[in-house]
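User: I would like a close look at one part of this protein, the nonpolar core and what surrounds it. Please keep the wording plain.

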Amino acid sequence: LGEIIGSAASRVERSLTGVPGKKCGTLILSAEELSNCRDIATMQLCANKLDKKDFFGKSDPFLVFYRSNEDGTFTICHKTEVVKNTLNPVWQPFTIPVRALCNGDYDRTVKVDVYDWDRDGSHDFIGEYTTSYRELSRGQSQFNVYEVLNPKKRGKKKKYVNSGTVTLLSFKVESDFTFVDYIKGGTQLNFTVAIDFTASNGNPSQPTSLHYLNPYQMNAYAMALKAVGEIIQDYDSDKLFPALGFGAKIP
């Protein structure tokens, strides 16, 4: 980690080896400090009049979201499901941490690629568009209808307009509360104990029984109660723990 952070732009590249005489590719490692943003975004999108990519059908479109990094590169942060055989797909709502989408930087570029799914994995590129968290947070509006553009088709065809549009149908943000937030808000944890006194645990006078009272160490039940109770007691105002038993034979 120190080597990555200490390198230029916090980025390290290493060549993969293992096959003699063959290039195995390059592994790129980059580091970026995460923000403390705990918001979670839920959104739904649809598309209209996407390019037809399948010879015997229409297209099987899906979206790939990329978060832009500090060094100008992009990292995949979400993929939608594939909607089969349509040029006007409606994707299911999905949830993503805002930290994963833009690392808490509301104006950071979010790139979205639109692909046509192929069974062999060679998915066909339909087009792309860019947005940001700040734009998405406006919700459904005229500002969140995006033209899907294919740079190659744009360069070849003079009359090229777009490869369809993607529309934001809904956008909602909620906070992801932590355990500490709940405790600060007044949440308490209660601890109630129920102990099995039936004969299934054996004769309590024998060391093989879970109820055996060893004069030198606690039995399994006592150790479990102590381990849990010592943690729970700090989150219980009266620090009183009801203890119940069942299956015992009253003398």
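How many disulfides does the structure hold? After that, please go through the core and the residues beside it.

Analyst: The model is a predicted one, and it holds zero disulfides. A disulfide is a covalent bond between the sulfur atoms of two cysteines. C77 is in no disulfide, because the nearest cysteine sulfur, that of C102, is 9.1 Å away, and a disulfide needs the two sulfur atoms within 2.5 Å. Another cysteine, C24, is partly exposed because its relative accessibility is 30%, which falls between the 20% limit for buried and the 50% limit for exposed.

In soluble globular proteins, nonpolar side chains tend to be buried together. In this model the largest nonpolar core has 32 residues, and the members that touch the most other members are M43, L45, F65 and L101. At least two residues of this core come from each of β3 (39–48), β4 (61–68), β6 (94–97), α2 (98–102), β7 (109–116), β8 (124–132), α3 (133–136) and β10 (165–175). The element that gives the most is β4, with five residues.

Apart from neighbours within four places in sequence, L101 is in contact with M43, F65, R67, C77, I96, V110, Y133 and L136. Two of these partners, M43 and F65, are also listed with L101 as touching the most other core members.

K111 lies in strand β7, and β7 is one of the elements that supply at least two residues of the core. K111 counts as buried because its relative accessible area is 15%, and the limit for buried is under 20%. The side chain of K111 makes a polar contact of 3.2 Å with the side chain of D113. Leaving out neighbours within four places in sequence, K111 is in contact with V64, F65, Y66, F74, E128, Y129 and T130.

G18 sits in the loop between β1 (11–15) and β2 (26–30). G18 counts as exposed because its relative accessibility is 68%. From G18 to T73 there are 55 residues in sequence and 27 Å in space, C-alpha to C-alpha. The domain assignment gives domain 1 (1–33), domain 2 (39–175) and domain 3 (188–250). The C-alpha centres of domain 1 and domain 2 are 29 Å apart.

Note on methods. Residues are numbered from 1 along each chain as its sequence is written. This is a predicted model: local features need pLDDT of at least 70, side-chain atom pairs count only at pLDDT 80 or more; totals for chains, interfaces and linings use all residues. Side-chain values use heavy atoms; hydrogens and water are left out. Domain bounds come from an automatic or database domain assignment. Helices (H or I, at least four residues) and strands (E, at least two) are DSSP runs, numbered from the N terminus. Buried means under 20% relative accessible area, exposed over 50%, partly exposed in between (1.4 Å probe, protein chains only). A nonpolar core is a set of buried Ala, Val, Leu, Ile, Met, Phe, Trp, Tyr and Cys residues joined through side-chain atoms within 4.5 Å. Contact means heavy atoms within 4.5 Å. A polar contact is a pair of N or O atoms within 3.5 Å; within protein, one must be able to donate a hydrogen and the other to accept it, and residues adjacent in sequence count only if both atoms are side-chain atoms.
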